[in-house]
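I opened my notebook to record how the pieces of this protein are arranged. The entries below follow the order in which I looked things up.

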Amino acid sequence: MWALVGRALAPWAAGARHAAASEPRAACRLFSAAELKEKPDMSRFPVEDIRNFSIIAHVDHGKSTLADRLLELTGTIDKTKKNKQVLDKLQVERERGITVKAQTASLFYSFGGKQYLLNLIDTPGHVDFSYEVSRSLSACQGVLLVVDANEGIQAQTVANFFLAFEAQLSVIPVINKIDLKNADPERVGKQIEKVFDIPSEECIKISAKLGTNVDSVLQAVIERIPPPKVHRENPLKALVFDSTFDQYRGVIANIALFDGVVSKGDKIVSAHTKKAYEVNEVGILNPNEQPTHKLYAGQVGFLIAGMKDVTEAQIGDTLHLHNHPVEPLPGFKSAKPMVFAGVYPIDQSEYNNLKSAIEKLTLNDSSVTVHRDSSLALGAGWRLGFLGLLHMEVFNQRLEQEYNASVILTTPTVPYKAVLSSAKLIKEYKEKEITIINPAQFPEKSKVTEYLEPVVLGTVITPTEYTGKIMALCQARRAIQKNMTFIDENRVMLKYLFPLNEIVVDFYDSLKSLSSGYASFDYEDAGYQAAELVKMDILLNGNMVEELVTVVHREKAYTVGKSICERLKESLPRQLYEIAIQAAVGSKVIARETVKAYRKNVLAKCYGGDITRKMKLLKRQSEGKKKLRKIGNIEIPKDAFIKVLKTQPNK
Ligand SMILES: Nc1nc2c(ncn2[C@@H]2O[C@H](COP(=O)(O)OP(=O)(O)OP(=O)(O)O)[C@@H](O)[C@H]2O)c(=O)[nH]1
C-alpha cells in the first residue's frame with residue numbers, strides 16, 4: 001500500500017488522548033456580562049486546560065462554516081442566520097466568499113466537568129495565502145484538517161497537511177458536508193488513510209452547515225490535541241504571529257505566549273528592533289477584542305503597545321520584558337513574492353492619496369513588497385510584489401473598496417534573474433546576478449551570460465478521466481513531469497515542475513475548464529532554471545505601451561504577442577485615426593492588428609434638436625475623456641488594458 005507519510009512519522013496516528021472522555025455539557029458563556037466589563041481573569045485557565053488549534057483545508061471545503069458552528073456551540077456568538085462566516089471580516093472576503101486573512105477567536109467550552117479555553121485560528125485555503133497558514137500554525141499544537149465528503153482530498157488539502165505535519169502538529173481529520181447527496185465519507189476516509197496514513201476511523205464525519213456531529217469535533221480538540229508546552233514562571237516570551245493596523249490605536253499585534261505573563265503597564269522589548277514599549281492593552285479575541293487583565297503562557301490574544309507601524313511588530317518577532325532578554329523564537333521565513341506588477345495613479349495628482357492608501361494597506365498585509373518606481377509614460381508609482389495573482393487582485397480590490405483609490409496595473413511578471421557579462425552593468429548593479437522585477441529593466445542578451453526563470457513544483461489532483469488532457473496542458477506549459485500516483489481508483493495526483501510564468505496568469509482557469517471544475521492545483525517554490533527569455537514590447541502606432549511590456553519565453557513570443565494584439569483590438573474603441581497594434585521583440589515586429597478609423601459623432605442623434613441635450617452629451621463625452629489614457633494621439637479607456645491584462649493567455 002502506498003502512503004505519503006510513514007506511520008512512524010505520524011505521532012497522532014495512534015490517537016493520543018489528553019483528557020478524560022465524557023459527555024459534553026451544554027454550551028455556556030463562561031464569563032458574565034459584568035465580568036467581561038471588568039475584564040475576565042485569564043488565570044482561571046491553567047496550561048493543561050488550553051488547546052490552540054487551526055482549521056486547514058482546501059478552498060471551499062467548509063473551514064469558515066465550521067468555525068461559525070464552533071463559535072455558536074461555545075456560545076461565543078449567537079445562533080442567527082446573520083452570523084455567516086463571522087471570522088471573514090473584510091468586505092473582499094465576504095464578496096468573494098473566501099478567507100484572505102487568518103483570524104483568531106478564543107472559545108470557552110465546558111467538557112467533563114472542566115472549563116477549557118480553545119483558541120481557534122481560521123486560515124485561508126487558497127495557495128496565495130498559504131503564508132498566512134504557516135504563520136498561524138506556529139501558534140498551534142493541532143489542526144482540524146477539513147475535507148469535503150464529495151470532493152475528497154484536493155491539492156491544497158495535501159499542501160496544508162504537510163505544513164501541519166512539518167510543524168509536528170496533531171492532525172484531526174474532519175470529513176465535512178456529509179449532508180450532500182453525493183457525499184461519500186467512506187471513500188474520503190480511505191483516501192485520508194492512504195495519503196496521510198491516518199486510520200480512517202479517526203475521521204470525524206460532520207455537516208458544518210447543519211451542525212451535525214460538530215460537538216464531537218470540540219471533544220476531539222480537547223482529547224487529541226495536547227496543551228501547549230510552556231512555562232508561566234519563566235520571563236515573558238511572546239511570539240507575534242500576525243499584526244494589523246488601526247489608525248487610532250496603532251499596531252494591534254496577535255501574540256502567542258510561550259512563557260511568562262504580560263499585563264497592561266509592563267515594559268516590553270522587541271527582540272528584532274530592540275525598541276522598548278509600554279503595554280497599553282492586552283486581551284483575547286472573542287472574536288472581537290475583549291480586554292483582559294493579563295495574558296498567561298499558553299494563551300493567544302492581542303497586545304497594543306504604542307507601536308506606530310507594523311514594521312515595529314514584525315511577524316515572527318519575539319517580545320520580552322525589559323531587562324529580561326530571552327532567546328528569540330525561530331520566527332518565520334519572510335513571504336516570498338511570486339508576482340510583481342507596476343501600480344500607478346490614473347492621474348498623477350492622486351499620487352499622494354495612493355501613496356497613503358498603499359502604506360496603510362501594506363501595514364495590514366505585510367506580505368506585499370513595495371518598491372518605488374517610475375516610468376516616462378505612467379509617471380511616479382510603485383512596483384509591488386504579491387504572493388500570486390489572486391493576492392494581487394484582492395489587494396487592488398481592497399485599495400478601491402477600503403481606500404477609494406483606483407489605479408493602473410501593469411502586466412504581472414515573475415521575478416526573473418540574469419547573470420550579467422557586461423562589466424559596465426556589473427559595476428552599475430554592484431553584483432553579477434540580478435533579479436529583474438520590472439520588464440522595462442530587462443537587460444539585453446548581449447550583456448548577459450544567461451537568463452534564469454523561477455520554477456515551482458506543482459501538484460494536480462484530478463479524476464482519472466481528465467488525466468490525458470491535463471498532461472497535454474502541462475506539456476504545453478513547458479512543465480516536466482516528476483511523479484504520478486493514484487489516490488484511489490478514480491483519482492490521480494500528478495507532480496510537475498512548472499516555470500512559474502506559465503501558471504501565474506491563467507493555468508488554474510484552463511485546468512478547471514478542461515476538467516469541468518474537478519481538478520485542483522497547488523504549488524510550492526522550487527528555485528530557478530536557465531531559460532531563453534526575450535522582452536516583448538507592444539506598440540500603438542509606433543509608441544510603446546508601458547503597461548504591456550512583458551518578458552516571455554522565446555518559444556512563446558509569437559503566440560503571446562499575437563494574442564495580446566488581438567485582445568487589444570477587441571478592447572480599443574475606434575478613433576479618428578487608424579491604429580496599428582504591434583508586438584515587437586527588439587526591432588522585429590512579430591504580430592500586428594489594425595483598428596480602423598471611425599468618428600463617433602455624439603451629436604448625430606440630435607440634429608436640429610434641443611441645445612441643452614446637445615450640451616449634456618458633450619459634457620458627458622468630456623467627462624469620459626478624463627478616464628482616458630493617451631498614447632501618442634490615441635485615446636485609450638483605462639479598462640482596455642485591464643481587460644487585456646486579465647485575459648492575457650500564456651499558451
Ligand atoms: N451542503 C453543505 N455545504 C457546506 C457545508 N459546509 C460548508 N458548506 C458550504 O460550502 C461553501 C464553502 O464554505 P466555506 O466555509 O466558505 O469554506 P472555506 O473552506 O472557509 O472557504 P475559503 O475561506 O474560501 O477557503 C459555502 O457555500 C458553504 O455554505 C456542509 O456541511 N454541507
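At what angle do the axes of helix 11 and helix 13 cross? I found that helix 11 (residues 467-476) and helix 13 (residues 507-514) cross at roughly 160 degrees, and their axes come within 10 Å. An axis here is a line fitted to C-alpha atoms, for helices over the stretch in contact, and angles run from 0 to 180 degrees between N-to-C directions.

Before going on, I noted the ground rules. I am looking at a predicted model, in which local features need pLDDT of at least 70 and side-chain atom pairs count only at pLDDT 80 or more, while totals for chains, interfaces and linings use all residues. Residues are numbered from 1 along each chain as its sequence is written. Helices (H or I, at least four residues) and strands (E, at least two) are DSSP runs, numbered from the N terminus.

**Entry: helix pairs**

Helix 11 and helix 13 are therefore roughly antiparallel to each other. I wrote down the scale: angles under 35 degrees count as roughly parallel, over 145 as roughly antiparallel, 65 to 115 as roughly perpendicular and the rest as oblique. The crossing of helix 11 and helix 13 is right-handed. A crossing gets that name if the near helix is turned clockwise from the far one by less than a right angle, and is left-handed if anticlockwise.

I then listed the residues that meet: Lys469, Ile470 and Leu473 come from helix 11, and Ser510, Leu511 and Leu514 come from helix 13. Two residues are in contact if their C-beta atoms, placed from the backbone, lie within 7 Å. By class, the contact of helix 11 with helix 13 has four nonpolar residues, one polar and one charged. For these classes, Ala, Val, Leu, Ile, Met, Phe, Trp, Tyr, Cys and Pro count as nonpolar, Asp, Glu, Lys and Arg as charged, and the others, Gly among them, as polar.

I next looked up helix 2 (residues 63-73) and helix 7 (residues 214-224), whose axes come within 10 Å and cross at roughly 80 degrees. Helix 2 and helix 7 are therefore roughly perpendicular to each other. On helix 2 the contact uses Arg69, Leu70 and Leu73, and on helix 7 it uses Val214, Asp215 and Leu218. I sorted the residues of this contact into four nonpolar, no polar and two charged.

**Entry: domains**

The domain assignment gives domain 1 (47-224), domain 2 (237-321), domain 3 (339-409), domain 4 (416-531) and domain 5 (535-645). Such bounds come from an automatic or database domain assignment. The C-alpha centres of domain 2 and domain 4 lie 39 Å apart.

**Entry: strand 23 and its partners**

Which strands pair with strand 23 (residues 448-463)? I found strand 21 (residues 416-420), joined to strand 23 by four bridges, strand 26 (residues 520-531), joined by 10 bridges, and strand 25 (residues 491-499), joined by nine bridges. Two strands pair if DSSP finds at least two bridges between them. Strand 23 runs antiparallel to strand 21, to strand 26 and to strand 25.

I followed a few residues. Ala418 has Tyr451 in strand 23 as its bridge partner. Thr459 has Asp522 in strand 26 as its bridge partner, and Thr459 also stands opposite Lys495 in strand 25.

The order 18-19-17-20 describes an open sheet of four strands with antiparallel pairing. Strand 18 (369-375) and strand 20 (407-409) stand at the edges, each with a single partner strand, so one side of each has no neighbour in the sheet. Neighbouring strands of this sheet are turned by 30 degrees against each other on average, direction ignored. Strand 17 (residues 339-345) pairs with strand 20 over three bridges, and Val343 has Leu409 as its bridge partner there.

The other open sheet has eight strands in the order 11-10-16-7-8-15-12-13, again with antiparallel pairing. Its edges are strand 11 (276-278) and strand 13 (289-291).

**Entry: hairpins**

Strand 10 and strand 11 form a hairpin with five residues between them, and Lys274 in the turn has a positive phi of about 65 degrees. The hairpin of strand 30 and strand 31 has two residues between the strands, and Gly586 takes a positive phi near 60 degrees.
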